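Student: I have a structure open here and would like to go through it with you. May we start with the pocket and then turn to the strands?

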Amino acid sequence: MNPLKAGDKAPQFSLSDQDGEIINLSDYQGQRVLVYFYPKAMTPGCTVQACGLRDEMDTLKQKGVEVLGISTDKPEKLARFAEKEMLNFTLLSDEDHHVCEQFGIWGEKQFMGKTYDGIHRISFLIDANGNIEHVFDNFKTSNHHEIVLEYLNSHA
C-alpha cells in the first residue's frame, strides 16, 4: 500500500452514488473536497465516522468543503446507510476498488487473526485545483471530523 501524498494530483474518477447517479470528481473543480475512504457501510466504526461528518456538515460547507465518502459497498447498501443515518453528503460505490487503488489505500489488512485485502481508512483533502492538499491518516472514527476541522481552521 502506498497512499498518495500532499502535493500529488488527485486521480480523476467517476463512480455511482447512493442514488445510482454518476458523480465525477471533476464536478467539484474549483472547490475543496474531502474524499474519505471507509471499509464498510453500516458497521459501528464507519457509522460513527459518517455521523461525525454529518453533524459538522454546516461547518464544513461554511469552510467551502464538500464531502465524498467512498467504500466498495453497492449503491443500494449506500442508500440504506444514508437513509438510516440521515447522511447529508454523497456516498460513492467503488465496487471493483479501482479508485481505492488509484489513491493507494487498497491493501493488506488484518482483523481478528485473518489477513485480507481491503480499504484502509484514510481521507484526502483535495484543493480547488485538484491537488491533494492534506492526507488524514491518523485519527479514530470518533474524532475524524474534529481532526479535519482542526486542519481547516488552521489552514483557512
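Student: How do the residues of the lining of the largest pocket divide into nonpolar, polar and charged?
Tutor: Please keep in mind that this is a predicted model. The lining divides into 5 nonpolar, 3 polar and 3 charged residues.

Student: Which residues line the largest pocket?
Tutor: The lining consists of P39, K40, T72, D73, W106, K109, Q110, F111, Y116, G118 and I119.

Student: And which strand gives the most to that lining?
Tutor: That is β6, with 4 residues. Both β6 (106-111) and β7 (114-119) supply at least two residues each.

Student: What volume does the largest pocket have?
Tutor: Its computed volume is about 230 Å³.

Student: Let us change topic to the sheet. In what order do the strands lie?
Tutor: The order is β2-β1-β5-β4-β3-β8-β9. These 7 strands form an open sheet with mixed pairing.

Student: Which strands stand at the edges, and why is one side of each left without a neighbour?
Tutor: The edges are β2 (22-24) and β9 (132-136). Each has a single partner strand, so one side of each has no neighbour in the sheet. On average, neighbouring strands of this sheet are turned by 30 degrees against each other, direction ignored.

Student: How does β1 run relative to β5, parallel or antiparallel?
Tutor: β1 and β5 run antiparallel and are joined by 2 bridges. Here D17 has L92 of β5 as its bridge partner.

Student: Which residue of β5 is the bridge partner of I70?
Tutor: That is L92, which is also the partner of D17.

Student: One last item: which strands does helix α3 lie across?
Tutor: Helix α3 (residues 75-84) lies across β1 (14-17), β4 and β5. The helix runs at about 160 degrees to β5.

Key: Residues numbered from 1 in each chain as written. Predicted model: local features only at pLDDT ≥ 70, side-chain atom pairs only at ≥ 80, totals over all residues. Heavy atoms only, no water. Pairing = 2+ DSSP bridges. Axes fitted to C-alpha atoms, helices over the stretch in contact; angles between N-to-C directions. Contact = heavy atoms within 4.5 Å. 1 Å grid on protein atoms, 1.4 Å probe; cavity = no way out; pocket = protein on both sides within 12 Å on 5 of 7 lines; lining within 4 Å. Points joined across faces, edges and corners; volume = space filled by probe spheres on them. Nonpolar A, V, L, I, M, F, W, Y, C, P; charged D, E, K, R; others polar.
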